[in-house]
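Biologist: Could we go through this structure together? I would like to start with the metal site and then turn to the charged side chains.

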Amino acid sequence: MKSCVTISLVAEARGGPFVFWDDLIASIRQAEEMGFDAIEIFPPSPDAIDHQQLRGALAASNLQLAALGTGAGWVRHQLTLTSADNAVREQAIAFIRSIINAAAEFGAPAIIGSMQGRATPEVPAPQARDYLRAALDVLGQAASERGVPLLYEPLNRYETNLCNTLADGVVLLESLQTDNVRLLADLFHMNIEECDIAAAFRQAGRHVGHVHFVDSNRRAAGLGHMTYGPIVRSLVDIGYQGYLSAEALPLPSSNEAALQTIRAIHYWTAAARVAGN
Ligand SMILES: [Mn+2]
């Protein structure tokens, strides 16, 4: 498994769970110094990223781009894939498609989290799920044409009522025409919704495509009460080789949250290997 740290470039998301903020190049330098393998960027729009500059900074630091988030489509433009308004749903698809294309330039997937929206009295759950399925089919296919997967993130009950657990996500993915959508498993959401986080990973198996590696209180791994031993062991056992990405609050500071995470990743992945022998 590979280590990754988040960088937010979205002013409106201030206070949100991102380790580094605002300065992409300085953040990449910090991530490199700390020994991360990759970065995950939360951009305000696809054009906000200067591809040449990012390509140069990644090459100079030997880091990968792990993923691009699409949350700005919701935070800045209130776009969701399950809006009652057809025009809004179309704009949401167009926004995500543009992020897929930007990420694909770096061989990375886009993430659909908050842009999934939620069922409402206007759009009851069966209709909302139909909208979501249709969008994931179109966008999963678009990502496939660019040679990258698409990541879909189940969220806790306070953020969506469409898919709250990995098992919900597996049902959704298995109902799609495309097989190019993977689950983003976020330990913060899972801590609220799953009966047993390790068991949920074992059941989701090959569908797991990315992990937000964070503690129970959205702070860096080790600063809450998550039981990482069995969780990381379950990821080893299902053959997960993707990223463990720090989507964590920058507490007590960005640097300390990042250092805490990279230490936790090294510790728990080594412990899981020892436990596996
Ligand atoms: Mn997340």
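This is a predicted model: local features need pLDDT of at least 70, side-chain atom pairs count only at pLDDT 80 or more; totals for chains, interfaces and linings use all residues.

Biologist: Which residues coordinate the manganese ion?

Modeller: The manganese ion is held by E153 through OE, D186 through OD, H212 through ND1 and E247 through OE, at 2.0 to 2.2 Å.

Biologist: How are the donor residues spaced in sequence?

Modeller: The spacing of the donors of the manganese ion reads E-x32-D-x25-H-x34-E. Within that pattern, E153 and D186 are 33 residues apart and link distant parts of the chain. E153 sits in the loop between β6 (150–152) and α6 (166–174), whereas D186 belongs to strand β7 (residues 181–186).

Biologist: Is E153 buried or exposed?

Modeller: E153 counts as buried because its relative accessibility is 5%, and buried means under 20%. D186 is buried as well, with a relative accessible area of 1%.

Biologist: Let us change topic. How many salt bridges are there?

Modeller: The count comes to 11 salt bridges. One of them joins the side chains of E193 and R157, with an N to O distance of 2.9 Å.

Biologist: Where do E193 and R157 lie?

Modeller: E193 is in helix α7 (residues 187–193) and R157 is in the loop between β6 and α6. They are 36 residues apart, and the pair links distant parts of the chain. E193 is buried, at a relative accessible area of 13%, whereas R157 is partly exposed, at 46%.

Biologist: And which residue forms a salt bridge with R202?

Modeller: That residue is D237, and the closest N and O atoms of the pair are 3.0 Å apart. This pair also links distant parts of the chain: D237 lies in helix α9 (residues 228–237) and R202 in helix α8 (residues 197–204), 35 residues apart. D237 is partly exposed, with a relative accessible area of 38%, and R202 is partly exposed, with 41%.

Biologist: What about R233, with which residue does it form a salt bridge?

Modeller: R233 forms a salt bridge with D237, the closest N and O atoms being 3.0 Å apart. Both residues lie in helix α9, 4 residues apart, which is about one turn of the helix. At 23% relative accessibility, R233 counts as partly exposed.

Note on methods
Residues are numbered from 1 along each chain as its sequence is written. Side-chain values use heavy atoms; hydrogens and water are left out. Donors are N, O and S atoms within 2.8 Å of the metal (3.2 Å for Na, K and Ca); water is not among the atoms, so sites may look incomplete. Helices (H or I, at least four residues) and strands (E, at least two) are DSSP runs, numbered from the N terminus. Buried means under 20% relative accessible area, exposed over 50%, partly exposed in between (1.4 Å probe, protein chains only). A salt bridge is a side-chain nitrogen of Lys or Arg within 4 Å of a carboxyl oxygen of Asp or Glu.
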